[in-house]
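Thank you all for coming; I would like to take a few minutes to walk through one model with you.

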Amino acid sequence: MTDTNQKIIKTGVVGWPISHSLSPRLHGFWLKKYGISGDYQAYAVQPEDLGEFLKKMPEQGISGLNLTVPHKEIVFPFLDDVDETARRIGAVNVVSLRDGRLHGTNTDGYGFLTNLKDNAPAWSAASGPVVVIGAGGAARAAIVSLLDEGVSEIRLINRTRTRADQLAEVFDDPRLVVCDWEKRSANLSGAALLVNTTILGMKGQPPLDIDLMALPPSAVVYDIVYNPLETDLLQAARARGNPVVDGLGMLLYQAAPAFEAWFGQRPEVDKILRDHVLEGFNG
Ligand code: ATR
């Protein structure tokens with residue numbers, strides 16, 4: 001589908017630094033696949049220049065932007081509207097210019113949950129308690145989507161307990177229970193889903209040190225890390241027969257609603273796309 005004015009729809013991702021972003025590769029694949037005359041670029045913008053950059057979107061002809069580190073949490077004052085989802089997650093990853101106004105939303109929670117459902121179809125909110133490791137931005141997106149999905153209990157575990165306590169305070173939901181970092185292995189007992197939202201296991205980082213012995217064999221183990229695709233955590237889980245979900249699908253799925261909002265085409269997330277994005281990893 002093409003823009004009726006035959007004008008190129010300009011979009012992109014803004015971050016600092018930005019060189020490692022896989023988003024141009026991802027959106028570029030869809031633009032080509034659907035024959036859309038659009039453009040998706042990576043923009044390196046320092047935090048202090050973000051407001052000015054967004055203000056200039058109309059004159060630059062840019063109609064949509066993804067935000068990445070460190071802009072997601074600091075963008076709020078520069079937007080005209082921020083939806084409920086982004087407010088609850090405390091971060092904006094999609095900015096769209098409509099009728100001269102800048103709208104912010106967040107699709108990370110959607111990406112998190114859709115990836116889970118797609119790759120672990122037997123899991124449901126009714127399956128049992130969830131253990132979330134980490135209390136940063138990624139954890140917050142995961143928690144919002146899991147609470148909205150109707151899970152009965154989330155055991156929130158973070159190295160720095162005060163950060164987990166603060167998150168629990170923000171959500172003020174009795175289903176969110178903070179547990180001690182030291183007791184992380186024991187707290188896997190009876191869980192139906194374990195999620196790692198930390199950077200542990202990522203290339204260049206130490207692995208997440210956790211003993212899976214108490215985790216039921218049917219529990220899904222979900223690592224939002226995608227480089228490497230199979231972290232030590234997923235390897236250990238797979239070896240004992242637990243279903244596993246890697247983090248690449250979260251990146252792919254969070255992009256789909258933004259692409260649809262900007263280009264009017266709901267894009268497909270499939271294996272061809274996944275393989276194409278994987279080729280973008282330079283080890
Ligand atoms: P993001 O917004 O991507 O989630 P973040 O806010 O920096 O990133 O959060 C990173 C998460 O990884 C945090 O939960 C952090 O724990 P702390 O709050 O204690 O810092 C966790 N993390 C990072 N390095 C860690 C390590 N070596 N051991 C345990 N947790 C770690």
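This is a predicted model: local features need pLDDT of at least 70, side-chain atom pairs count only at pLDDT 80 or more; totals for chains, interfaces and linings use all residues.

The ligand is surrounded by 13 residues, of which the closest are Gly137, Asn158, Arg159, Thr160 and Arg163, where a residue is taken as near if one of its heavy atoms lies within 4 Å of the molecule. Residues are numbered from 1 along each chain as its sequence is written, and side-chain values use heavy atoms, with hydrogens and water left out.

Turning to the overall layout, the protein is divided into domain 1 (9-106 + 249-281) and domain 2 (123-242), with bounds that come from an automatic or database domain assignment. The C-alpha centres of the two domains lie 27 Å apart. Across the boundary, 11 residues of domain 1 are in contact with 11 residues of domain 2, contact meaning heavy atoms within 4.5 Å.

How much area do domain 1 and domain 2 bury between them? The value is about 950 Å², with 65% of it on carbon and sulfur atoms; buried area here is the accessible area, computed with a 1.4 Å probe, that two parts lose on being put together, summed over both. On the side of domain 1, Arg88, Ile89 and Met250 lose the most area to domain 2, and together they account for 56% of what that side buries.

Arg88 also takes part in a salt bridge with Asp148, in which the closest N and O atoms are 2.8 Å apart; the rule asks for a side-chain nitrogen of Lys or Arg within 4 Å of a carboxyl oxygen of Asp or Glu. Across this interface the rule finds 1 salt bridge. As for secondary structure, helix H4 (84-89), helix H9 (248-263) and helix H10 (271-278) each supply at least two residues of the side of domain 1 that touches domain 2, helices being DSSP runs of H or I with at least four residues and strands runs of E with at least two, numbered from the N terminus. H4 gives the most to that side, with 3 residues.

A search of the whole structure finds 17 salt bridges. One of the pairs joins the side chains of Glu268 and Lys33, at 3.4 Å from N to O. Glu268 lies in the loop between H9 and H10 and Lys33 in helix H1 (residues 23-33), so this pair ties together parts that are 235 residues apart in sequence.

Finally, some backbone details. Most residues other than glycine have a negative phi, and most peptide bonds are trans. Here the peptide bond from Val69 to Pro70 is cis, with omega near 0 degrees, and Pro70 sits in the loop between strand E3 (62-67) and strand E4 (81-82). A cis peptide bond also joins Asn227 and Pro228, with omega about 10 degrees. Asp99, although not a glycine, has a positive phi of about 50 degrees, and its place is in the loop between strand E5 (94-98) and strand E6 (101-105).
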